[in-house]
Amino acid sequence: MAMNIPKGVWPTMVTPFTNTGKVDYAALEQLIEWYIDQGVHGLFAVCQSSEMFYLTLEERVSLAQFVTSLAAGRVSVIASGHISEQFEEQVEELQRIAETGVQAVVLVSNRLAGPDESDEIWFERVLQLIDRVPNVPMGIYECPYPYKRLLSPQLLKQCADTGRFAFLKDTSCDVQQIAAKLEAVKGSSLQLFNANSATLLASLRLGASGFSGVMANFHPDLYVRLTECWDSEPAIAEMLQSFVGAASLIELQMYPVNAKYHLSKRGLPVSLHCRSKDAGAFRENHKLEVEQLDAVYRMLKKLLV
């Protein structure tokens with residue numbers, strides 16, 4: 001197993017749909033090319049941004065296969081996609097995703113135990129899963145839906161010590177927690193990717209490997225620049241951090257509808273249709289907020305030339 005997940009920016013991919021609600025693979029092909037043209041280092045397919053809780057298993061598998069095929073080794077692809085409540089169904093879901101050829105299969109932390117179940121129970125199920133889904137590196141995604149289950153540094157170290165884990169999408173939004181997690185997995189193959197824009201630069205200075213969050217659907221090129229220059233161009237890094245932290249407030253609007261609107265304004269054939277949100281509730285003021293953020297982005301780009 002190749003455990004070398006590239007450092008850098010891993011967008012949590014959105015899924016384009018046609019206006020009749022089917023996965024729009026023609027639009028997805030152009031979206032993949034756009035991500036790669038923006039310089040990202042990998043693609044996280046079949047995640048919450050992809051609306052995986054609203055996709056059938058066949059759609060989730062097909063998405064992972066399509067993204068892996070179209071990326072064609074130009075960037076690495078990882079995928080999640082286990083959404084079931086029952087353990088045996090999750091095993092099937094993860095086995096099917098593993099067969100698509102993704103570089104790593106990402107476990108959703110809240111799927112492995114209920115909110116009232118212990119870390120011990122959680123880790124027992126992890127051990128069962130990595131036994132049932134062999135020969136592929138694993139990741140962990142602290143997905144906030146349907147509830148957020150953050151891993152303690154001790155539990156994360158237990159995962160790292162199995163030798164099967166290469167990726168953590170951290171959603172703690174807490175620099176102290178990130179520091180403790182990084183210390184716990186030091187020397188292992190498990191890398192931490194921050195999902196939170198406001199704490200990104202601080203986490204990179206602590207040793208985080210990059211960014212994997214929803215805002216890479218808006219400004220992936222800025223995140224690429226920040227993750228690549230934070231130590232060599234500190235003044236530029238501070239400028240970028242100030243923008244991406246403030247810009248990330250758009251997450252609180254109507255995501256992923258707003259991301260799809262932004263992508264459409266960037267020239268991509270992505271409709272606003274979503275399964276997780278009613279695009280009809282995306283009002284004119286919402287559109288103006290996205291457009292005005294894009295205008296500030298363009299001004300910043302001119303300063304960075």
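This is a predicted model: local features need pLDDT of at least 70, side-chain atom pairs count only at pLDDT 80 or more; totals for chains, interfaces and linings use all residues.
Residues are numbered from 1 along each chain as its sequence is written. Local features need pLDDT of at least 70 and side-chain atom pairs count only at pLDDT 80 or more, while totals for chains, interfaces and linings use all residues; side-chain values use heavy atoms, with hydrogens and water left out.

**The sheet**

Show the strands. Helices (H or I, at least four residues) and strands (E, at least two) are DSSP runs, numbered from the N terminus. Eight strands form an open sheet with parallel pairing, in the order E1-E8-E7-E6-E5-E4-E3-E2; two strands pair if DSSP finds at least two bridges between them. At the edges are strand E1 (8–9) and strand E2 (42–45), each with a single partner strand, so one side of each has no neighbour in the sheet.

Next, select residues 138–141 and 165–170. These are E5 and E6, which run parallel and are joined by four bridges. Ile-140 has Leu-168 in E6 as its bridge partner.

**Ring pairs**

Rings of Phe, Tyr and Trp (its six-membered ring) pair if their centres lie within 6.5 Å; planes under 30 degrees apart count as stacked, over 60 as edge-to-face and the rest as tilted. The count is ten aromatic pairs. Select Trp-10 and Phe-193: their ring centres are 6.3 Å apart and their planes at 75°, so this pair is edge-to-face. Trp-10 sits in the loop between E1 and helix H1 (25–37), and Phe-193 in strand E7 (residues 191–194), 183 residues apart.

**The largest pocket**

Select Gln-48, Tyr-141, Pro-144, Val-214 and Tyr-255, the closest to the pocket centre of the 21 residues that line the largest pocket. Its volume is about 520 Å³. On a 1 Å grid over the protein atoms alone, a cavity is a set of points where a 1.4 Å probe fits but cannot get out, and a pocket is an open set with protein on both sides within 12 Å along at least five of seven lines; lining residues have an atom within 4 Å of a point. Grid points are joined across faces, edges and corners, and a volume is the space filled by probe spheres set on the points.

Go to Tyr-145 and Pro-146, where the peptide bond is cis, with omega near 0°. Pro-146 lies in the loop between E5 and helix H5 (153–161).

Finish at Ala-72, which has a positive phi of about 50° although it is not a glycine. Ala-72 is in the loop between helix H2 (57–71) and E3.
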